[in-house]
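Subject: Structure handover

Hello,

Please find the structure below. My notes on it follow.

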Amino acid sequence: MTPRTALALLLAGVAGMAAYALAAALFVDPAQLELLAKPGFYLVGVFFALPLPVIYRFLPDARGAFLALVALTVAPAAASKLGGETLLAWQVLLALTFVYALTALIVHRLVAGGRAS
């Protein structure tokens with residue numbers, strides 16, 4: 001893993017989780033802004049962004065972006081729901097993790113460049 005790829009993953013996870021917290025505060029409960037002060041919150045975002053270079057290595061075109069978007073939307077939602085960390089309805093949770101996924105993908109592609117890792 002190159003330093004640029006590591007930076008892209010770090011920034012993608014952090015930006016995605018910041019977007020998630022802002023969307024949750026806007027649409028669910030303003031108290032969700034407290035998530036922005038928790039370092040572990042960002043680690044979760046970086047953890048779920050880790051498969052991005054592998055996905056883009058095997059599917060570098062739009063199919064890879066679609067697969068990454070689906071994976072980054074469903075995996076965190078399923079982990080949160082199955083882990084008992086949230087009481088949100090599936091629809092709301094998937095909408096919020098979609099915000100995370102879209103933001104993380106955009107940031108990753110911008111930082112990693114056209115080669116996408």
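In these notes, buried means under 20% relative accessible area, exposed means over 50%, and partly exposed is anything in between (1.4 Å probe, protein chains only). The model is predicted, so local features need pLDDT of at least 70 and side-chain atom pairs count only at pLDDT 80 or more, while totals for chains, interfaces and linings use all residues. Residues are numbered from 1 along each chain as its sequence is written, and side-chain values use heavy atoms, with hydrogens and water left out.

Asp29 sits in the loop between helix 1 and helix 2; helices are DSSP runs (H or I, at least four residues), numbered from the N terminus. With 33% relative accessibility, Asp29 is partly exposed. Its C-alpha atom is 35 Å from that of Val54, 25 residues away along the chain.

Ala24, in helix 1, is buried at a relative accessible area of 1%. Leaving aside neighbours within four places in sequence, Ala24 is in contact (heavy atoms within 4.5 Å) with Asp29, Gln32 and Leu96. Ala24 and Leu93 are 69 residues apart along the chain, and their C-alpha atoms are separated by 9.1 Å.

Gln91 belongs to helix 5 and is exposed, at 61% relative accessibility. Its C-alpha atom is 9.8 Å from that of Ala77, 14 residues away along the chain.

Helix 1 against helix 2
Helix 1 (residues 3-27) and helix 2 (residues 39-49) pack at about 125°, with axes 7 Å apart. Axes are lines fitted to C-alpha atoms over the stretch in contact, and angles run from 0 to 180 degrees between N-to-C directions. The pair is therefore oblique, the class left over once angles under 35 degrees (roughly parallel), over 145 (roughly antiparallel) and 65 to 115 (roughly perpendicular) are taken out.

On the helix 1 side the contact includes Leu9, Gly13, Met17 and Tyr20; on the helix 2 side, Phe41, Val44 and Gly45 are among the residues. By class, this contact has 12 nonpolar, 2 polar and no charged residues. Here Ala, Val, Leu, Ile, Met, Phe, Trp, Tyr, Cys and Pro count as nonpolar, Asp, Glu, Lys and Arg as charged, and the others, Gly among them, as polar.

Core
The largest nonpolar core has 26 residues, and Tyr20, Phe41, Leu52, Ala68, Leu72, Tyr100 and Leu105 touch the most other members. Such a core is a set of buried Ala, Val, Leu, Ile, Met, Phe, Trp, Tyr and Cys residues joined through side-chain atoms within 4.5 Å. Beyond four places in sequence, Tyr20 touches Leu35, Phe41, Leu93, Leu96, Thr97, Val99 and Tyr100.

Regards

How values were computed
Helix = DSSP H or I, 4+ residues; strand = E, 2+ residues; numbered from the N terminus.
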